[in-house]
Amino acid sequence: MSDDTENKTTRERISIANQVYAGYPLFNQVLEDIDRCHDSPNIKGDDDPDCLLLMGSTGAGKTTIYKTYAQNYPIQETEEGDIVPIIHAVTPSAANIKGLVSVLLKQLGDPLPDKGSTTNQTIRLYDLLEKCQVELIFLDEFHNFKDLDSDKVLKNVCDWLKNLILNTKIPIVLLGTPESEDILKVDNLQLSRRFNYRHSLIPFPRTESGLELFRQFLSDVESQLPLAYRSVLAEKSLSERIYYATDAGLFHSKQRLEKVNTRAS
């Protein structure tokens, strides 16, 4: 234990523990692919930018990935106005085009984000995206569009999103549950084909290699914790108990069982 750690209060140690970041292969791969999408307008010129769909259940780490990536692109204040490289908007629960445009406008500082028709809002949004020099858009809770009753309304949403990508050349990262992938298929793959990068955040596989990967993850976590003594989190016996107690590999076990049951029926 360092002298610096020894002098910290319990509250300070908890604060440090809450900021611990321990990447693992899938997590790092997602970050790399987001970076590829981010750079795609510069690499591809006038071609459509590459976009990414990140799926996972609640608490799987989607928002953590966004925050990890976005921290490297802070807002810059200039005499001409703020430069906002990355914006993050949460799709409203009662999802529709007007609601989506409103939350995007709000993120860019529009004083009256709900004002005007959808067409008027969209024009203002395009103008602000250009003025703020936005390079990447994160749309969270995208699965909320799955709750729309009308396929026609859902298709209109997909068309609006497709036009946003085409007209602004700004890559988009969609964050949502696995059902989000079904939304992209509504408009005859017009929108779907623009999301070449797709990832599902799933637990560690319940295999020997999965357990070893989990132990490496725990070792990385422990190395960053402000503890008075080593916790031996990655020690074989303790790591196995944590692995099974937290259901770290449960997803794969359930998935295999479902496949077996399907074959049997």
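## Surroundings of I137

I137 touches I87, L104, L129, L164, I170, P171, I172 and V173, leaving aside residues up to four places away in sequence. These contacts, like every value in this report, come from a predicted model.

## Nonpolar cores

I137 also belongs to the largest nonpolar core, which has 36 residues; I137 and I172 are the residues with the most contacts inside it. The elements that give two or more residues to this core are the strands β1 (52–55), β4 (86–90), β5 (136–140) and β6 (172–176), together with the helices α5 (97–107), α6 (118–131) and α7 (151–168). The largest share, seven residues, comes from α7. Another core, of 25 residues, lies apart from this one, and L31, L52, F138 and V173 are among its members.

In soluble globular proteins, nonpolar side chains tend to be buried together.

## Chain overview

The chain has 11 helices and seven strands. Of its 265 residues, 40% count as buried. Among contacts with a separation of 6 or more, 69% are between residues 24 or more positions apart.

## Helix α5 and its ends

The N-terminal end of α5 is capped by N96, a side-chain oxygen of which lies 3.3 Å from the backbone nitrogen of K98. Just after the helix, G109 takes a positive phi of about 85 degrees.

## H199 in strand β7

H199 lies in strand β7, which covers residues 197–200. H199 counts as buried because its relative accessibility is 13%, and the cut-off for buried is under 20%.

The side chain of H199 makes a polar contact with the side chain of D33, at 2.6 Å. Not counting residues up to four places away in sequence, H199 touches L26, Q29, V30, D33, L52, L53, L54 and M55. L52 in this list is also a member of the core of 25 residues.

## Packing of α9 against α10

The axes of helix α9 (residues 208–224) and helix α10 (residues 236–245) come within 10 Å and cross at roughly 105 degrees. The two helices are therefore roughly perpendicular. On the α9 side the contact is made by G210, L211, F214, R215 and L218, and on the α10 side by K236, S239, E240, I242 and Y243. By class, this contact has five nonpolar, two polar and three charged residues.

An α-helix has 3.6 residues a turn, so residues three or four places apart point the same way.

L218, a residue of helix α9, counts as buried because its relative accessibility is 6%. Leaving aside neighbours within four places in sequence, L218 is in contact with L233, A234, S239 and I242. Of these, S239 and I242 are among the α10 residues that make the contact between the helices. L218 and V232 are 14 residues apart in sequence, and their C-alpha atoms are 9.0 Å apart in space.

E222 also has its place in helix α9. Although glutamate is classed as charged, E222 counts as buried, at 13% relative accessibility. Not counting residues up to four places away in sequence, E222 touches R230, S231, V232 and L233. L233 is also in contact with L218.

Note on methods: Residues are numbered from 1 along each chain as its sequence is written. This is a predicted model: local features need pLDDT of at least 70, side-chain atom pairs count only at pLDDT 80 or more; totals for chains, interfaces and linings use all residues. Side-chain values use heavy atoms; hydrogens and water are left out. Axes are lines fitted to C-alpha atoms, for helices over the stretch in contact, and angles run from 0 to 180 degrees between N-to-C directions. Helices (H or I, at least four residues) and strands (E, at least two) are DSSP runs, numbered from the N terminus. Angles under 35 degrees count as roughly parallel, over 145 as roughly antiparallel, 65 to 115 as roughly perpendicular and the rest as oblique. Contact means heavy atoms within 4.5 Å. Buried means under 20% relative accessible area, exposed over 50%, partly exposed in between (1.4 Å probe, protein chains only). A polar contact is a pair of N or O atoms within 3.5 Å; within protein, one must be able to donate a hydrogen and the other to accept it, and residues adjacent in sequence count only if both atoms are side-chain atoms. A nonpolar core is a set of buried Ala, Val, Leu, Ile, Met, Phe, Trp, Tyr and Cys residues joined through side-chain atoms within 4.5 Å.
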